Amino acid sequence: MASKKAAAKRGKTAQRGSSNVFSMFEQSQIQEFKEAFGCIDQNRDGIINKADLKETYGQLGKLNVSDEELESMLAEGKGPINFTVFLTLFGEKLNGTDPEETILAAFKLFDPNATGVVNKDEFRRLLMNQADKFTAEEVDQAFAVAPIDVAGNIDYKSLCYIITHGDEKEES
């Protein structure tokens with residue numbers, strides 16, 4: 001009897017946990033994700049697997065995707081990728097929930113001496129001139145929450161914490 005109660009409780013917890021992902025999106029967004037999921041789920045079994053991904057890439061003209069790449073993508077789901085898992089993965093990506101270690105590793109590229117800080121002016125220059133070029137206004141918005149010392153250095157470990165956990169000033 002106790003095992004039935006435990007199983008029922010686990011089922012409710014899993015259901016409750018998965019229902020939270022649906023509250024992250026508007027109904028129209030969920031419908032778009034459902035359509036995308038349907039396009040990727042080539043065999044229409046409700047689960048995205050390696051064959052589905054390979055076929056999808058093939059339809060997009062990319063024929064040389066390695067099994068390792070496909071397996072790496074599937075591993076992000078930590079189990080079978082049904083629609084709820086698919087939606088959760090996109091929710092994490094869209095809401096910027098990269099693991100703190102990933103963000104720290106990116107900052108460490110700009111800190112070869114492992115000082116724990118990056119120069120604000122140099123970082124501003126990089127943000128405005130590399131890859132997805134930020135505007136001056138976007139940089140100012142980002143720096144508004146950044147812990148910057150009197151020497152003009154950003155404590156990127158603290159900034160990573162703010163990015164992944166929120167700014168304490170906003171929460172109180």
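At roughly what angle do the axes of helix α3 (residues 50-59) and helix α4 (residues 67-75) cross? In this predicted model, the two axes come within 10 Å and cross at roughly 120°. Because an angle of 65 to 115 degrees would count as roughly perpendicular and one over 145 as roughly antiparallel, this value makes α3 oblique to α4. The crossing of these two helices is right-handed. On the α3 side the contact is formed by K50, L53, K54 and Y57, which meet D67, L70, E71, M73 and L74 of α4. Sorted by class, the residues in this contact comprise 5 nonpolar and 4 charged residues, with no polar residue; among the charged ones are K50 and K54 in α3 and D67 and E71 in α4.

A second helix pair was described in the same terms, namely by the angle and the distance between the axes. The axes of α7 and α8 come within 10 Å and cross at roughly 135°, so that α7 is likewise oblique to α8. In this pair, α7 passes α8 in a right-handed crossing. The residues of α7 that take part are K120, F123, R124, L127 and M128, and their partners in α8 are A136, V139, D140 and F143. By class, the contact of α7 with α8 has 6 nonpolar and 3 charged residues, and again no polar residue.

Both α7 and α8 also take part in the lining of the largest pocket, which has a volume of about 490 Å³. This pocket is lined by 20 residues, and those that lie nearest its centre are F107, F123, L127, F134 and I163. The elements that each give two or more residues to the lining are α6 (100-108), α7 (120-129), α8 (136-145) and α9 (156-165). The lining is made up of 16 nonpolar, 2 polar and 2 charged residues. Two residues link the pocket to the helix contact described above: F123 and L127 of α7 meet α8 as part of that contact, and F123 and L127 are also among the residues nearest the pocket centre.

Notes
Residues numbered from 1 in each chain as written. Predicted model: local features only at pLDDT ≥ 70, side-chain atom pairs only at ≥ 80, totals over all residues. Heavy atoms only, no water. 1 Å grid on protein atoms, 1.4 Å probe; cavity = no way out; pocket = protein on both sides within 12 Å on 5 of 7 lines; lining within 4 Å. Points joined across faces, edges and corners; volume = space filled by probe spheres on them. Helix = DSSP H or I, 4+ residues; strand = E, 2+ residues; numbered from the N terminus. Axes fitted to C-alpha atoms, helices over the stretch in contact; angles between N-to-C directions. Parallel < 35°, antiparallel > 145°, perpendicular 65-115°, else oblique. Left-handed = near helix turned anticlockwise from the far one by under 90°. Contact = heavy atoms within 4.5 Å.
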